[in-house]
Amino acid sequence: MHMPLTDTLGLNLLAANQHQADHNRQHFDAWRLLCLNVMSSPGAGKTSLLERTITALAPRLSMAVLEGDMTTTLDAQRLEAVGVPVVPITTGRACHLDASMVSGGLKLLKQRLDPAALDLLWVENVGNLVCPAEFEVGEHLKVALLSVTEGEDKPLKYPVMFREADCVLITKIDLLPYLPVQVERFVDHVNQVNPRARVFLLSASSGEGLGAWHQWLLEQVAVQVQPLPALVIR
Ligand SMILES: Nc1nc2c(ncn2[C@@H]2O[C@H](COP(=O)(O)OP(=O)(O)OP(=O)(O)O)[C@@H](O)[C@H]2O)c(=O)[nH]1
Ligand SMILES: [Mg+2]
């Protein structure tokens with residue numbers, strides 16, 4: 001259930017969420033794993049991309065998924081099928097994951113594996129272009145998907161998610177020949193609301209553009225998992 005977050009109740013809710021998110025991130029840092037929060041409107045291609053990306057990177061990275069869905073475990077089943085540990089988090093009426101839900105998911109994950117053995121933890125958020133961006137879950141980086149079928153105006157109409165994103169993936173580019181859109185306009189509009197976001201154009205169906213995205217991921221993991229500098233005691 002989404003509520004306006006400008007009132008006192010909303011601000012308290014966000015503050016409590018931020019507190020739990022910071023706590024989650026402390027765990028991720030202690031385990032030296034990178035946590036990514038993957039967000040988009042319903043059907044932009046989050047699970048399809050994770051299927052491809054996890055399969056491609058599995059020889060090089062140890063990964064797990066926390067899979068947020070309102071009612072089903074369908075996406076969790078799809079990702080289990082590619083051979084990665086997945087914890088489904090069913091949100092009920094909530095249109096986003098929050099930090100306490102992710103904390104609950106982590107407890108279940110810890111029953112199955114040692115998180116310190118992971119390099120990368122994916123959080124697939126509930127399909128929604130607005131609410132997930134307002135609730136940090138402790139992630140290091142936010143990845144927002146925008147499929148070309150959604151229209152070039154979406155970064156301007158729904159700026160919060162794109163403004164917050166560290167990386168924006170313009171997805172389903174295999175469909176461009178059939179759509180009355182210009183791909184440059186997607187990129188321009190993302191840049192207008194967030195000039196610092198890395199933008200990749202890709203297709204989980206054809207595989208086009210996946211190489212650059214995977215390279216970026218490997219670089220981000222390398223930054224997070226590199227050993228802490230030795231403590232110099234004087
Ligand atoms: N043509 C094309 N279709 C795609 C691509 N990626 C995903 N799809 C299709 O888009 C639909 C939705 O894909 P999903 O991966 O389930 O999308 P999602 O964002 O995980 O959806 P939710 O979790 O329900 O929000 C499916 O029918 C996919 O086959 C792509 O790159 N190209
Ligand atoms: Mg999905």
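**The sheet and what surrounds it**

Glycine 68 stands opposite isoleucine 89 in strand E3, and this pair belongs to the parallel pairing of strand E2 (residues 63-69) with E3, which are joined by 5 bridges. Two strands are said to pair if DSSP finds at least two bridges between them, while helices (H or I, at least four residues) and strands (E, at least two) are DSSP runs numbered from the N terminus. The model is a predicted one, in which local features need pLDDT of at least 70 and side-chain atom pairs count only at pLDDT 80 or more, whereas totals for chains, interfaces and linings use all residues. Residues are numbered from 1 along each chain as its sequence is written, and chains are lettered from A and ligands numbered from 1 in the order in which they are written.

The sheet as a whole is open and is formed by 7 strands in the order E3-E2-E4-E1-E5-E6-E7, with parallel pairing. Strand E3 (86-90) and E7 stand at its edges with a single partner strand each, so one side of each is left without a neighbour in the sheet. From one strand to the next the twist averages 20°, where axes are lines fitted to C-alpha atoms, for helices over the stretch in contact, and angles run from 0 to 180 degrees between N-to-C directions. Helix H2 packs on this sheet and touches E1, E2, strand E4 (120-124), strand E5 (141-147) and E6, its direction making about 165° with that of E4; here two residues are in contact if their C-beta atoms, placed from the backbone, lie within 7 Å. Helix H4, in turn, lies across E2, E3 and E4 and runs at about 145° to E3.

How enclosed is E6 by the rest of the structure? Strand E6 is largely enclosed, because 4 of its 5 residues are buried; a residue counts as buried if 20 or more other C-beta atoms lie within 10 Å of its own, as exposed if 12 or fewer do, and as partly exposed in between, with C-beta atoms placed from the backbone.

**Helix packing and the ligand**

Helix H1 (residues 8-31) and helix H4 (residues 99-112) pack at an angle of about 35°, and their axes are 8 Å apart. On the H1 side the contact is made by Asn17, Gln20, Ala21, Asn24 and His27, and on the H4 side by Ala99, Ser100, Val102, Ser103 and Leu106. These residues divide into 4 nonpolar, 6 polar and no charged, where Ala, Val, Leu, Ile, Met, Phe, Trp, Tyr, Cys and Pro count as nonpolar, Asp, Glu, Lys and Arg as charged, and the others, Gly among them, as polar.

Around ligand 1 there are 17 residues, of which Gly45, Thr47, Ser48, Gly127 and Ser205 come nearest; a residue is near a molecule if its C-beta atom, placed from the backbone, lies within 6 Å of it. By class this shell has 4 nonpolar, 9 polar and 4 charged residues, and its largest share, 3 residues, comes from helix H2 (residues 46-57).

**Single residues**

Most residues other than glycine have a negative phi. Arginine 32, in the loop between H1 and strand E1 (34-39), has a positive phi of about 55° although it is not a glycine, and with 16 C-beta neighbours inside 10 Å arginine 32 counts as partly exposed. Lysine 172, in the loop between E6 and H7, likewise has a positive phi, near 65°, but lysine 172 is buried, with 25 other C-beta atoms within 10 Å.

Histidine 214 is found in helix H8 (residues 210-225) and is partly exposed, because 18 other C-beta atoms lie within 10 Å. Leaving aside residues up to four places away in sequence, histidine 214 touches Thr53, Ala56 and Leu57.
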